[in-house]
Amino acid sequence: MAFEGTVHKYGRDVDTDVIIPARYLNTNDPAELARHCMEDIDPGFVARVRPGDIIVAGENFGCGSSREHAPVAIRAAGVSCVVAASFARIFYRNAFNTGLPIVVCPHAAREIEAGDRVRVDVVEGRIEDLTTGKTYAAEAYPPFMRELVASGGLLPYVKKRLAEDEA
Amino acid sequence: MGQTVTEKIIARAAGLEAVRAGEIVEARVDLALANDVTAPLAIAEFEDAGFDKVSDPARIVLVPDHFTPNKDIKTAGQVKKVREFARKHGIAHFFETGRAGIEHVILPDMGLVAPGDLVIGADSHTCTYGAVAAFSTGVGSTDFAAAMAWGRVWLRVPQTIKFVYHGRPGRHVVGKDLMLHTIGMVGVDGALYKAMEFAGEAIEDLPIDGRFTMCNMAIEAGGKSGIVGFDKKTTQYLQSRPVGSRARTAGQVFASDPEAEYAQVVEIDAGAIRPTVAKPHLPSNTVPAEDLADVRIDQVVVGSCTNGRLADLQQAAEVLKGRAVHPDVRLIILPGSQEVFLAASRDGTMQALVEAGAAFSTPTCGACLGGHMGVLAAGERAVATTNRNFVGRMGDPESEVYLANPYVAAASAIAGHIATPDMVTTAKGGA
């Protein structure tokens, strides 16, 4: 699973209130959520983002509320994957559960600049900055997370488990 | 090899002898919760995935509390979906306007949580129930949908950081201050992926409401859960829950072994902690309240899942009784539940607050997340007993939120700037 795109760069502690402000949480329509993605931290983001683009951020990305509307908005805005120094835990779960590819790599998160073209292989944990020519090794997914990704997210995984229990 | 209380609860729920930090397990869920923001998304996912039946309706709780009473047409539509889902699947624990309040206040108060339970909620502040020695943690809508279908959740067993609070906190220093101080020490990701275990004589002395406040804000340090050991105060609280409730009839008491392995042990002198305020825009941005007397404010909010219990309202009323809210300030009280509302109306708390010039709302999360009932304009500043002060949290991205305890919130409402109760008492005496 590999993606190539242009980087949008943010600092540490990007919280879910700036990823998708609560005032837009009276819907769960992905297209509508996407229109307000990153609105309170980067009002120009929605106009600038192109399909396949990649978000690179510092520590604790997605901290705050449990709203799954945050990964949903990011994906619906066209972002292919998120690379961060670390992820807040509920955001981490939500990303795997809903199929937003994420990669933990403090080194890449520090060095990659806004506007760089980057190629990310999420399962293998390989990040290549095509602009600078540098490559980075990210944290590999634990076996359980690989299985979640291979199943297509948590609900398909649960269906499989329930079918196994019945068999 | 010793185990922490958190490891023991997860092992029990996973049907295992023991678990180790870092291991991923599939654990049985005793109670799964969602609200009007997270349930509609979960219901859509549940139905889109082709599930037609919930595994156990008795273990599901649905509480529309964020934008209720429904603030607009879209919200009304979302809550309607939740209501219809509850009826269709026979979910009796559906609590809406007039019968409920804020999820994390009502679940323990109604006796739905027992010690040793494993609770997940599609709301980040689900970590609150560690105050009754349960393992509880916030998850997303998909996790909740999966728990409805499957009755289980996947969990990485967290390491635990033990926080030991020595000494006795001073006047007007409550659970909120201990927790803000702690978050200020470790940072907003200081307990990332970890359980926070609160211990020491200051915690033994801390009333149950203060313990709820502390566990509630574990997420603000990045924590997976917060937990306090079971003691006399836990028993007293649980035994005063409704007759026949889970809190009185079920549960299992676990305690950390003396040789349990901790990621870290942090020792804190509770006696040195002052009434504490977190400045914009992170809960870790803490300073003593008295240092912020030059910060003028427009609004004060007392309430939320963090500080919307009766004791919190009583603390605000203690400061405001016979006084008046500053003419430039709007004071909004958001009680945590119908039960809190009723109790506050009976014991004079509501009267003291309303006479001082407070607006007293029906229970709702409302203003805490800038939903309704007190949204801030650009350039406005609020002191709030809530849990987050992120950019745009209570309204316009140019507004500011200062987090504090109810004593400080009430004193600030009188002063028109951030203040401690002692500061407004002195002013009164001198006038």
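**An open parallel sheet and a chain contact in chain B**

In this predicted model, four strands of chain B form an open sheet in the order β9-β8-β7-β10, with parallel pairing. Strands here are DSSP runs of E with at least two residues, helices are runs of H or I with at least four, and both are numbered from the N terminus; two strands pair if DSSP finds at least two bridges between them. Because β9 (225-228) and β10 (264-269) of chain B each have a single partner strand, they stand at the edges, and one side of each is left without a neighbour in the sheet. Neighbouring strands are turned by 20° against each other on average, direction ignored (axes are lines fitted to C-alpha atoms, for helices over the stretch in contact, and angles run from 0 to 180 degrees between N-to-C directions).

Within the sheet, five bridges join β7 (residues 160-166) to the parallel β8 (residues 195-199) of chain B. One of the residues to look for is B:T160, whose bridge partner in β8(B) is B:A195.

Helix α1 (residues 5-14) of chain B lies across β7, β8 and β9 of chain B, at about 110° to β9(B). Helix α8 (residues 208-216) of chain B lies across β8 and β9 of chain B, at about 155° to β9(B).

Turning to the partner chain, 43 residues of chain B are in contact with 38 residues of chain A, contact meaning C-beta atoms, placed from the backbone, within 7 Å. On the side of chain B that touches chain A, α2 (39-48), α3 (73-88) and α5 (141-150) of chain B are the elements giving two or more residues, and α5(B) gives the most, with seven residues.

Residues are numbered from 1 along each chain as its sequence is written, while chains are lettered from A and ligands numbered from 1 in the order in which they are written. As the model is predicted, local features need pLDDT of at least 70 and side-chain atom pairs count only at pLDDT 80 or more, whereas totals for chains, interfaces and linings use all residues.

How values were computed:
Contact = placed C-beta atoms within 7 Å.
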